[in-house]
Amino acid sequence: MEKQALLKMSHISKKFSGNYVLSDVSFTLEAGTIHSLIGENGAGKSTLIKVLGGVYFQDEGEIFIEGEKQQFSSAKDALRAGIGIIYQEFNLVSTLSIAENIYLGKELCAGRGVLDRRQMIKTANEFMKELGFDIADCGMSVSSLSVAQQQMVEIAKALFNHSKILVLDEPTAVLTDKESRKLFDMVKKLKGQGVGIVYISHRLEEVLELSDEITVLRDGKYIEALDNRQKDVKKEELVRLMVGRSLNQYYPDKTYRCGKKEILRVQGLTRMGLYRDISFVLHEREILGITGLVGAGRTEVVKTIFGKILPDAGSIWLDGEEILMKSPMDAIDRGIAFIPENRKEEGLLLDSSIGDNMILANEKKVSDNGVFRKKKKKDFISKYFSQLDIRPAQPQKLARNFSGGNQQKAIIAKWIATNPRVLIVDEPTRGIDIGAKAEIYRLMDSLVQQGISIIMVSSEMPEIIGMCDRVLVMCEGKLQAEFMREELTQEKIMRASSGI
């Protein structure tokens, strides 16, 4: 007799404004397994999960949980059916305690409408201990927790609601490597307890490490389901299924050579408690990589070059002239541009249009004597929408409503329009899909060929090796090693990152 699936989504279709965003998609999850859902931005992953979570109602198709047909009209219906979804944006009340968040909507009362906080904290502490989560005091305010701990609270909240199905949407996007390993251990433990886990991630390495099964979506359609237990699924196979073609040359061919001319020199740069005695040179048309473990001081060094952090000692030279960077405006005036790691907090005004975001550093190009000109603004935005292939071509749409890859393109457009000499990019492909990554790599390659020198900070060793002419490795606030492109290996980078 065939084993009953924990979850079966059968022939799901969903339309918006008459257009299919999901078309005849089927998905099955067994109890005690991890089933990853992958695809490029716009492939339909989020829509499918929102149908499962009762946020959207499907136009066609059926949902079954343990063989019983479900009809969700709200997120509460899905929650009652045992579905817990941990979205990228956490659904926690920061002003409440951990216990109060876990008990939200089902609070315990001591009588006369007074909350029994002591019992709620006691029960929540025991529940956390039972799950093996590293949080000892559930009386703490959620606002005092790290991102990784907040994620634990979200998962505990879902399981406290008796969720049999747990959906994790890009769970490691804002976690350090160490925190990610803890999450993986937690997910494996929940799997062993019989929870069915739907795992969504752009990071194919972790998908391959964790998954029992992998379902690929493309353009709102089901492409293929792979059993990672029965065969050794390769990353290249997943890429081919996701993008519809083989990425034989994932990184651009470097058919040119970087110049020998010195553009930027950093000498003895020190900021106590962050980094010390940092010295390096950036050459014309070079991509210089800076890598190392999280906390090594990489971001702090490049923020100093951009004037966001003031050093205690050291000097910065541009074209052979020593310069003082007291603020980002000084750096911008000198032709230095900076694309930050956290695009949503530092790179964009999410509730402004994507077009308005693009002109933030280029007001003079779309105005006359301080007065904005509609035609200049329209032409400027159209030029960069076309040049960077930003989709959809709706510049008035709010920045928060674009995919991560298109948000990143808009930030790049904003800065390359300033005609920089030096472009600093910090984790340029974090949280974006594999197709958008390839586009960003090609764009960086094109900028270098046009004469721009790039400093790239990245934690992803494949892109460091694939993109950089030279790589600096930092460890605990100091430069540990330097490698030329032809001698780069992951093993060498990892050893240097660890201080060996």
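How many aromatic pairs does a search of the whole structure find? The search finds 7, where rings of Phe, Tyr and Trp (its six-membered ring) pair if their centres lie within 6.5 Å, and planes under 30 degrees apart count as stacked, over 60 as edge-to-face and the rest as tilted. This is a predicted model, in which local features need pLDDT of at least 70 and side-chain atom pairs count only at pLDDT 80 or more, while totals for chains, interfaces and linings use all residues. Residues are numbered from 1 along each chain as its sequence is written, and side-chain values use heavy atoms, leaving out hydrogens and water.

**Aromatic rings**
- Tyr 251 and Tyr 441 form a tilted pair, with ring centres 4.9 Å apart and planes at 40°.
- This pair links distant parts of the chain, 190 residues apart: Tyr 251 lies in the loop between helix 8 (235–243) and strand 13 (262–271), and Tyr 441 in helix 15. Helices (H or I, at least four residues) and strands (E, at least two) are DSSP runs, numbered from the N terminus.
- Both tyrosines, Tyr 251 and Tyr 441, are buried (under 20% relative accessible area, with exposed over 50% and partly exposed in between; 1.4 Å probe, protein chains only).
- Phe 306 and Phe 338 make a tilted pair too, at 5.3 Å centre to centre and 35° between the planes.
- Phe 306 and Phe 338 are both buried.
- Tyr 103, Phe 127 and Phe 160 are linked into a cluster by ring pairs.

**Asp 445**
- Asp 445 belongs to helix 15 (residues 434–449).
- With a relative accessible area of 7%, Asp 445 is buried.
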